[in-house]
Amino acid sequence: ELQNKLESTELSRSVGLLFVGNNDDRETTLRVLEKLRWHGPVLNLAGQTSIYESVFALSKCKAFLGNDSGLTHVSEGVGTPVTMLFGPTIESFGFGPHLRHSQAYSSNIGCRPCSKHGDKSCRFKDMLCFESINTEPVVAHLCKNLGLLNT
């Protein structure tokens, strides 16, 4: 059923957004979509799929944008290049991306890392580690992996 859903959308023919995750992530995706005002195709599978179905969906993507998380690492595991954002964790712990077309981005603020696995809340409650990431190279890398840039 999931394969039919993927094939029946515009995801395979144009740039679209795919969201995966658990029920808590579904609420987050709805808030993100509201802020983005995205007009292209969207397939929000957060909270609706098993881990196997999520892995299958990620294997069909041209690119993945996410933080240092399990789904980001799974995306690389199925060969999908990632644009990986490091906030409370740091690349030097060995959790950075490994595929040739994957890239990590982070900010250089003094309170990083919060913890080795990102399981502690931001002690300053501002998530400046994410907020201060320069978005221009992030967007450029993602567009390159999506085939929207020639360089």
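Reader: Does lysine 60 count as buried or exposed?
Author: Lysine 60 belongs to the loop between α3 and β3, with helices (DSSP runs of H or I, at least four residues) and strands (E runs, at least two) numbered from the N terminus. Buried means under 20% relative accessible area, exposed over 50%, and partly exposed in between, with a 1.4 Å probe and protein chains only. At a relative accessibility of 52%, lysine 60 therefore counts as exposed.

Reader: Which pLDDT must local features have in this model?
Author: Residues are numbered from 1 along each chain as its sequence is written, and side-chain values use heavy atoms, with hydrogens and water left out. The model is predicted, so totals for chains, interfaces and linings use all residues, side-chain atom pairs count only at pLDDT 80 or more, and local features need a pLDDT of at least 70.

Reader: How far is the C-alpha atom of lysine 60 from that of valine 78?
Author: Along the chain, lysine 60 and valine 78 are 18 residues apart. Between their C-alpha atoms, the separation is 9.0 Å.

Reader: Is alanine 63 buried or exposed?
Author: Alanine 63 sits in the loop between α3 and β3. Its relative accessibility is 15%, so alanine 63 counts as buried.

Reader: Which residues does alanine 63 touch, not counting those up to four places away in sequence?
Author: Threonine 80 is 17 residues from alanine 63 along the chain, and their C-alpha atoms are separated by 5.7 Å. A contact means heavy atoms within 4.5 Å. With residues up to four places away in sequence left out, alanine 63 touches Thr80, Pro81, Leu142, Asn145 and Leu146.

Reader: Within what arc do the buried residues of α6 fall?
Author: Helix α6 covers residues 135-145, and its buried residues are Val138, His141, Leu142 and Asn145. Seen down the axis, they line one face of the helix, because their directions fall within an arc of 95°. The arc is taken over directions from the helix axis to the C-beta atoms, and for α6 its value is 95°.

Reader: Within what arc do the buried residues of α3 fall?
Author: In α3, residues 51-59, the buried positions are Ser54, Ala57 and Leu58. They line one face of the helix, because seen down its axis they fall within an arc of 100°.

Reader: Which residues does threonine 29 contact, leaving aside neighbours within four places in sequence?
Author: Threonine 29 is part of helix α2, residues 23-36. Threonine 29 has a relative accessible area of 6%, so this residue is buried. Apart from neighbours within four places in sequence, its contacts are Phe19, Asn44 and Ala46.

Reader: What is the relative accessible area of valine 42?
Author: Valine 42 is in strand β2, residues 42-44. This residue counts as partly exposed because its relative accessible area is 35%.

Reader: How far apart in space are valine 42 and leucine 17, C-alpha to C-alpha?
Author: Neighbours within four places in sequence aside, valine 42 contacts Leu17, Phe19 and Leu33. Valine 42 and leucine 17 are 25 residues apart in sequence, while their C-alpha to C-alpha distance is 4.7 Å.

Reader: What is omega for the peptide bond from arginine 112 to proline 113?
Author: Proline 113 lies in the loop between β5 and α5 (128-131). The bond from arginine 112 to proline 113 is cis, with omega near -5°.

Reader: In what order do the elements of the chain run from the N terminus?
Author: The chain contains 6 helices and 5 strands. From the N terminus on, they run α-β-α-β-α-β-α-β-β-α-α.

Reader: Among contacts between residues at least 6 apart in sequence, what percentage joins residues at least 24 apart?
Author: Of the 151 residues in the chain, 34% are buried. For contacts between residues at least 6 apart in sequence, the share joining residues at least 24 apart is 44%.

Reader: What percentage of the accessible surface belongs to carbon and sulfur atoms?
Author: Accessible areas come from the Shrake-Rupley method with a 1.4 Å probe, and for residues only the protein chains shown count as cover. The accessible surface of the chain is about 9,600 Å², and the part belonging to carbon and sulfur atoms is 52%.
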